[in-house]
Structures are given as C-alpha cells and as structure tokens.
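Please keep the sequence and the structure in view while reading.

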Amino acid sequence: MRRLLIAGNWKMHKTIPEALDLVRELKELVKDVNDRDILVCPPFTALYPVSRELEGSNIVLGGQNMYFEEQGAFTGEISPLMLKDAGCSYVILGHSERRHIFGETDELVNKKVLSAINHGLIPILCVGELLEERESGKTQEVVEKQVREGLKGVDGDNEFVIAYEPVWAIGTGKTATPELAEEVHLFIRQVLSDMFGSEKANSVRILYGGSVKPENAAGLLNMENIDGALVGGASLKAESFAKIVKFDMEA
Ligand code: PEP
C-alpha cells in the first residue's frame, strides 16, 4: 500500500509571520490525521522558523528547489546541506516554473535529484506536458523523457516521489479530469516498472498537481494510481489545504 502524500507548494508567497500564522492554523486543523503524510514547502526564508513551529507535529517540511553542490561560489543558490539544516526532509525538483521560467533542463534536474538523494532528502520530481504538447499527442513522449532523464543514475533502493503536473493545469483553474490524470499516472508507473522493476514501480508515490482544490480533490485522489497531490494556490490557506488533506474524512 502506498501512503498518501499531500504536499503544499507555497511558491513565492508568505513572509515569516504569515508563514507561521498559516502553519499554526494548519497544525490544529490536521492534528488528528495520522494515516497519510502532510508536507509544506515554504519559501527559503521561512523554512527554519516554520520547522521550529512544526516540531512534534504530523507535518513535515520541504524545499521548493535546491542547487546540487554542497557549497561554493553559487550566488543566490541553496544547497542540500542547507535544506537539511533548516529541517527539510523533501525537496521539489524540476517544477514547471523552474523549467519554463528559469530554463532548467532535464540534465540539471537529474543532478539535483541525485544530489538530494545523496544527502538524505526525498526528491519530488515534477514532470508534465505543455498544452501544445498535449494537443499534438506528445504527452507520453514528453513525460517519459522527463522521468527517464530526471531519474538517470538513481538506484531502485532510493526513495523518490514523482509529481505529474500538466503545465496547462498549473495555476490556471483548469484541472485534468481524474480519468485523464490516471491515464498518465499509469503510464508513468509503466515507465518506472521498465526502469526499476514492478515491485519498485508499485511502491513509488505519484502525485497529481494542477489546480487541485477541496472540490476536486476526492475525484482525483480516489484514482488507483494517484497517490497524493502537489497543491499550489489552495495550500496558501490553512482551511482549503486541510480540506484537501482530509478529502475522504468526516468534516
Ligand atoms: C504547483 O505549484 O505545483 C501547482 C500545482 O499549483 P496550483 O495548484 O496553483 O495549480
């Protein structure tokens, strides 16, 4: 059985006081949840204060990006050691905003994935097609390349998470239907099976991301191969994120 993972990507939102207010409220709302993993990924400046606030709670912390080197002359970058030091156990890598706004390639994302694993962080490798790629029937080709290249050199014993995020559904209010998302998730699992064998492929969590909200969470999360969600906009309010976390529980 794969344990659900509900992750909040706060992107470039929240000052430190705002971040603390959000996690204080969230902690209270999800305090009784113990059968799934809950992750928040604040901006770098809020990581350490948020990690202090989360001590002893059922919520874990992740970074939204990192560079693959441990230290050095890399102005503006954050290393895996720094993320660990700030209390992170996960890191989002290859998010479509990193790929499309900051020009990250599969090769760079792969270096980051390997570095995260080597430093004991669980990478969440984001993959997904652009609208024109979907419309020209290239979804599988694009996603397969991102998965294979992003995970090059990764050992089957290592823990990693995949997030399928169709780029046309991120921050747009357009969500993939559960059936459409499930089709790609199943395809990703087949690619993983080809790379690592079926036992490993069946244990990897594949999250869906792209305008997940309390209203559409259950439909998506009830699909067989959707093992959680990577939530952007709806993770910025404790109430909506908690509703997604508790999509199948009594209110
Ligand atoms: C994301 O940031 O990964 C994301 C899916 O954003 P949103 O939920 O706002 O579409």
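## The cavity

The largest cavity in this structure has a volume of about 40 Å³. The structure is a predicted model. When the whole structure is searched, 1 cavity of 30 Å³ or more is found. Rolling a probe the size of a water molecule over the atoms shows where empty space is left.

Which residues line the largest cavity? The lining consists of Gly94, His95, Ser96, Arg99, His100, Cys126, Val127, Gly128, Glu165 and Val167. Two or more of the lining residues are given by each of the elements α4 and β5. Helix α4 contributes the largest share, with 3 residues.

## The largest pocket

The largest pocket has a volume of about 460 Å³. It is lined by 20 residues, and those closest to its centre are Lys11, Met12, Gln64, Arg98 and Phe102.

Helix α4, residues 96-101, takes part here too: α2 and α4 each supply at least two residues of the lining of the largest pocket. The largest share of this lining, 3 residues, comes from α4.

## The barrel

The strands of the model form a closed barrel of 8 strands, in the order β1-β2-β3-β4-β5-β6-β7-β8, and the pairing is parallel. From one strand to the next, the twist averages 25°. Helix α2, residues 44-54, lies across β2 (37-41) and β3 (59-63), and its direction is at about 165° to that of β3.

Are the faces of β4 covered or uncovered? Both are covered: Tyr90 and Ile92 are buried on one side, and Val91 and Leu93 are buried on the other. The chain reaches β4 from β3 by way of helix α3, residues 80-85, and this β-α-β crossover is right-handed.

Strand β4 has parallel partners in both β3 and β5. Strands β3 and β4 are joined by 2 bridges and run parallel. Strand β4, residues 90-93, is joined to β5, residues 122-127, by 4 bridges, and these strands also run parallel.

## Two residues with positive phi

Most residues other than glycine have a negative phi, and most peptide bonds are trans. Lys11 has a positive phi of about 50° although it is not a glycine. This residue is placed in the loop between β1 (5-9) and α1 (16-29). Lys11 is also among the residues closest to the centre of the largest pocket.

Ser211 likewise has a positive phi, near 55°, and is a residue other than glycine. Its place is in the loop between β7 (205-209) and α10 (214-221). Is Ser211 buried or exposed? Ser211 has a relative accessible area of 14%, and since the limit for a buried residue is under 20%, Ser211 counts as buried because its value falls under that limit.

Asn110 belongs to helix α5, residues 106-118. With a relative accessible area of 11%, Asn110 is buried. Apart from its neighbours within four places in sequence, Asn110 is in contact with Glu149, Gly150, Leu151 and Lys152.

Gly120 lies in the loop between α5 and β5. At a relative accessible area of 47%, Gly120 is partly exposed. Neighbours within four places in sequence aside, Gly120 is in contact with Lys84 and Ser89. Gly120 and Ser89 are 31 residues apart in sequence, and their C-alpha atoms are 7.5 Å apart in space.

Leu180 is found in helix α8, residues 178-196. Its relative accessibility of 24% makes Leu180 partly exposed. Leaving out neighbours within four places in sequence, Leu180 is in contact with Arg134 and Trp168. From C-alpha to C-alpha, Leu180 and Cys41 are 27 Å apart, with a separation of 139 residues in sequence.

Terms used: Residues numbered from 1 in each chain as written. Predicted model: local features only at pLDDT ≥ 70, side-chain atom pairs only at ≥ 80, totals over all residues. Heavy atoms only, no water. Pairing = 2+ DSSP bridges. Axes fitted to C-alpha atoms, helices over the stretch in contact; angles between N-to-C directions. Contact = heavy atoms within 4.5 Å. Buried < 20%, exposed > 50% of the residue type's maximum accessible area, 1.4 Å probe, protein only. Right-handed = clockwise from strand over helix to strand, strands pointing away. 1 Å grid on protein atoms, 1.4 Å probe; cavity = no way out; pocket = protein on both sides within 12 Å on 5 of 7 lines; lining within 4 Å. Points joined across faces, edges and corners; volume = space filled by probe spheres on them.
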